[in-house]
Amino acid sequence: MARIGVPDNDVAQPPRSTRASHTGRSEEVVRPLTKQVQQVDRVIIRFAGDSGDGMQLTGDRFTQETASFGNDLSTLPNFPAEIRAPAGTLPGVSSFQIHFADHDILTPGDAPDVLVAMNPAALKANLGELKRGGIVIADADEFTKRNLTRVGYESNPLEDGSLDGYQVHVFNLTTMTVEAIKAALGPDQGGLSRKEATRAKNMYALGLVSWLYNRPTESTVSFLQARFARNPAIRDANIAAFKAGWNFGETAEAFAVSYQVKPAEMKAGLYRNISGNLALAYGLITAAQRAGLPMFLGSYPITPASDVLHELSKHKRFGVTTFQAEDEIAGVGAALGAAFGGALGVTTTSGPGLTLKSETIGLAVALELPLVICDIQRAGPSTGMPTKTEQADLLLAMYGRNGEAPVPIVAPRSPSDCFDTAIEAVRIALTYRTPVFLLSDGYLANGSEPWRIPDVADLPQIKVDFATEPNHETESGEQVFWPYKRDPETLARPWAVPGTPGLEHRIGGLEKADGHGNISYDPANHDLMVRTRQAKVDGIARTIPPVEVDDPGHDARVLVLGWGSTYGPIGAACRAVRELGIPVAQAHLRHLNPLPPDLGDVLKSYDRVLVPEMNLGQLAMLLRARYLVDVVSYNRVRGLPFTAAELTAAITEVVNSLDDSESPVEYTDKAGASASSNGHARSHIDAQKESPRP
């Protein structure tokens, strides 16, 4: 099999380093007889540059081209928290990685095959992760002495031989972009300044890479025409740059080979590329429609959850009302008020906002009203790292309220799974009259993958029964409405829309008496209400399907258990371990409170249970307490998703440890944090400071 994204030795190759001037001539090249197309099964490309270089747009357009071609794909956007980070600096680097293949894939990939570096900072920040022998495409115009010095380069890496282990293609991308725009729009560049014209260099790079990997171009041209329809000069400049990049790849002598990744075999159906936040928004709308309810979103903008608010605001025709509140507390308060009024109440936030919403969520527990709280987790604590991912809000969702206030928790496993998980969250909230947490994270929210658009008829119908008449007869024979008279199966209390004749009632934060709902300070009643609310949440487990365990040979002794966005890296790692001839089982949890009813039996049927988490072992702690199973906890908290390679090593080590059952499993990650089966991480403070990339 060919190395991914890199030519075989028997294919005509360009030299180690080529340099093209703005005229398109290349130096130090060997002219191949013909341009060859090499088939590869998968490729990982990373676009990197300043946060103002349009790398996210470039990556998104390449993703859309790849999706329309039919490849399976997974993406990983990575960008600074600042709106305009310092130009030319390492903290200001923005990148977008896409992994696409002719077969099913689970992650954005560990190490890129191709790095498009728009400046020295982008090269330095990302070169350490590029595969040895991989392709570097660099803009020579940005490798000035000033820019090199700013990021600590003493010499130009494009010229000093430090990149000898890579295939390096150096072009004057900025100059070539300006010349292409002049050729298309005239000497005045359509009235654009040189600075404005250079902003189209990301489209030039996109065109070049699109040619290199035989991507379709029509969708990008159509996108640019629509995106900049109100500014013809910018529209035409970007289209000219994109086409010039494609033509340069086709005609220049710099590349002897282009690559092709065939479409993946997928189940028949209509597909589109979708991000986690978009899938979440669509899932909420769909669930509201299936329940026949209007939806109200009360939210305050916060990274990385804001895109859900942005998307839902576009869908008023589906009965969606969005309210951008003045703060997090007002947002959840309005959503809870909408639920009291008979709508599907939803609020979106991230970790810092979730802490502010806690009191109102506790009120929702006491009121027993349906409310969906979407927590798109990010790195914390406090403000933390707003654009980086983490899954450390599990215990906050479980216990982050005063008193005994149980709340169901669900978590999607992939960007497209956010759609189905949103529907499940709504089902639980409406059926059991309870607030529900949906724990997504920044990795899922911003990442994307192909999504098979479902047939609406195949989606679950969510039944909602509003109270319409009195439900209790007093000793005197009077028909009255009791707001806390429960459904015997679900323990849900009746949902009465305010204004319904004869159903007047009071609700509030003070403890209510069972049944009639008057304020009660009776100790026995409080104990009953606390236990009843807990029993209601516990009863949800009866509707949760059994744990699906992927154990192909039914002979594995180690189970790798995950939740949330760890699904992809865990799945890829398990595949890699099995290819080594090592049996290993995998299971993944969508429901975290309550847990699946058969989970305890599943855990106890394996000799070791490994739980990788992007926190310090929160699910592992819950499993130990609930099932008395001494799980092995593997934890990294870097603001980045796991790589398949590190999990492959961790799984292999746990399997190998079975030969010495008396010793606890222990291993040390690259950052120097030692983890063991007792769940405690022994931190080596000095070693935990990761050394800078080369």
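**Entry 1, salt bridges.** I began with Glu368 and Lys536, both of which are buried, where buried means under 20% relative accessible area, exposed over 50% and partly exposed in between, with a 1.4 Å probe and protein chains only. Their side chains meet in a salt bridge at 2.7 Å, N to O, the term being used for a side-chain nitrogen of Lys or Arg within 4 Å of a carboxyl oxygen of Asp or Glu. This pair links distant parts of the chain, 168 residues apart, with Glu368 in the loop between helix 12 (351-367) and strand 15 (371-377) and Lys536 in helix 16. Helices (H or I, at least four residues) and strands (E, at least two) are DSSP runs, numbered from the N terminus.

Before going on I noted the basis: this is a predicted model, in which local features need pLDDT of at least 70 and side-chain atom pairs count only at pLDDT 80 or more, while totals for chains, interfaces and linings use all residues. Residues are numbered from 1 along each chain as its sequence is written, and side-chain values use heavy atoms, with hydrogens and water left out.

By the salt-bridge rule the count comes to 20. I looked up Arg531 and Asp527, whose side chains meet at 2.8 Å, N to O, and which are separated by about one helical turn because they lie 4 residues apart in helix 16. Arg531 counts as exposed because its relative accessibility is 57%, whereas Asp527, at 38%, counts as partly exposed. Asp465 and Lys463 also form a salt bridge, at 4.0 Å, N to O; Lys463 is exposed at 64% relative accessibility and Asp465 is partly exposed at 46%. I also noted a network of salt bridges that links Asp139, Glu142 and Lys201.

Leu510, Ile519 and Tyr521 make a nonpolar surface patch of about 370 Å². Patches are made of residues with over 30% relative accessible area and no salt bridge, like charges being joined within 9 Å and nonpolar side chains (Val, Leu, Ile, Met, Phe, Trp, Tyr) within 5 Å; the areas come from the Shrake-Rupley method with a 1.4 Å probe, and for residues only the protein chains shown count as cover. Tyr521 lies in the loop between strand 20 (479-480) and helix 16 (523-539), and it counts as exposed because its relative accessibility is 68%.

I asked myself which way strand 4 and strand 6 run. They run antiparallel, and 9 bridges join strand 4 to strand 6 (residues 93-101), with Ile98 in strand 6 as the bridge partner of Ile45. Strand 4 is joined to strand 7 (residues 114-117) by 4 bridges in the parallel sense, and there Phe47 has Val116 as its bridge partner. Two strands are taken to pair if DSSP finds at least two bridges between them. Of the 9 residues of strand 4 (residues 42-50), 8 are buried.

Elsewhere I found an open sheet of 7 strands in the order 13-12-14-15-17-16-24, with mixed pairing. Strand 13 (320-324) and strand 24 (591-593) stand at the edges with a single partner strand each, so one side of each is left without a neighbour in the sheet. Strand 15 pairs with strand 17 (residues 435-441) in the parallel sense over 7 bridges, and the bridge partner of Leu371 in strand 17 is Pro435.

Most residues other than glycine have a negative phi, and most peptide bonds are trans. Gln189, which is not a glycine, has a positive phi of about 55°; it lies in the loop between helix 4 (173-185) and helix 5 (194-198) and is buried, with a relative accessible area of 5%. Arg433, also not a glycine, has a positive phi of about 50°, sits in the loop between helix 14 and strand 17 and counts as buried at 9% relative accessibility.

I then noted that the peptide bond from Thr303 to Pro304 is cis, with omega near 0°, and that Pro304 is in the loop between strand 12 (295-299) and helix 10 (306-312). A cis peptide bond also joins Asn593 and Pro594, with omega about -5°; Pro594 belongs to the loop between strand 24 and helix 18 (599-604).
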